[in-house]
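Dear colleague,

Please find below the structure for your review.

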Amino acid sequence: MYDIENYTKKVDELTAAGDPSAVEQFILDELRVVDTPYCIGSGGCPSCRSQEKEDRDALQWLHDRVTAQVILRNDLAGLYRSTSRWDDCMTVFEQLMENLEEAGLLETPLHGRILLNRALLERQLERLNDALADAEHAQACFETAPEVAPEALRQAIETVAACKSALGK
């Protein structure tokens, strides 16, 4: 399982040092770790394990892997956004969508959070139609489980309204 606490501590240290390139390199190095498929088995070879245990382990591994990928890529997108690296940021959002699709997490609050973050970037870049579409989609994702993301739902609603206003809708 990926150690998010140590990752976060190291990112915070590097960020406090004020060297965005060091933060970027650390995140990219960590992404290489979580993107590399590896054996999930901790109980011997698959022939020695029950199929039920194998299935549980596979699901847990996929959950842990996707969680780490999403956290790391979201941080990387934020870094690129803060350093005005728009194309790199959009590429990371595309990778995030692939991670979510691979894990079967589309249309979830997590998907909504990524859509909302991308909508905020698109709004900043004055790509208002794209921002509106992503914000509306994010809002729909949050509405499926409003208790999970009330602040994010509020932010999505506000972003939809701001985009509509800017577009004269």
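Helix α1 (residues 4-17) and helix α2 (residues 20-35) have axes that come within 9 Å and cross at roughly 160 degrees. Because angles over 145 degrees count as roughly antiparallel, α1 and α2 are roughly antiparallel to each other. The crossing of α1 past α2 is right-handed. On the α1 side, Tyr-7, Lys-10, Val-11, Leu-14 and Thr-15 take part, and they meet Ala-22, Val-23, Phe-26, Ile-27 and Glu-30 in α2. By class, this contact has seven nonpolar, one polar and two charged residues. Please note that the model is predicted.

A second pair is formed by α5 and helix α6 (residues 128-143), which pack at an angle of about 160 degrees with their axes 8 Å apart. These two helices are therefore roughly antiparallel to each other as well, and α5 passes α6 in a left-handed crossing. Residues of α5 including Leu-115, Leu-116, Ala-119 and Glu-122 meet residues of α6, among them Ala-131, Asp-134, Ala-135 and Ala-138. The contact of α5 with α6 has 10 nonpolar, three polar and six charged residues.

One residue of this second pair deserves a separate paragraph. Glu-122 lies in helix α5, which covers residues 109-124. Because buried means under 20% relative accessible area, Glu-122 counts as buried at 5% relative accessibility. Its side chain reaches the backbone nitrogen of Ala-131 at 3.3 Å. Leaving aside residues up to four places away in sequence, Glu-122 touches Met-90, Arg-127, Asp-130, Ala-131 and Asp-134.

Yours sincerely

Definitions and conventions
Residues numbered from 1 in each chain as written. Predicted model: local features only at pLDDT ≥ 70, side-chain atom pairs only at ≥ 80, totals over all residues. Heavy atoms only, no water. Helix = DSSP H or I, 4+ residues; strand = E, 2+ residues; numbered from the N terminus. Buried < 20%, exposed > 50% of the residue type's maximum accessible area, 1.4 Å probe, protein only. Polar contact = N/O pair within 3.5 Å; in protein donor to acceptor, adjacent residues only side chain to side chain. Contact = heavy atoms within 4.5 Å. Axes fitted to C-alpha atoms, helices over the stretch in contact; angles between N-to-C directions. Parallel < 35°, antiparallel > 145°, perpendicular 65-115°, else oblique. Left-handed = near helix turned anticlockwise from the far one by under 90°. Nonpolar A, V, L, I, M, F, W, Y, C, P; charged D, E, K, R; others polar.
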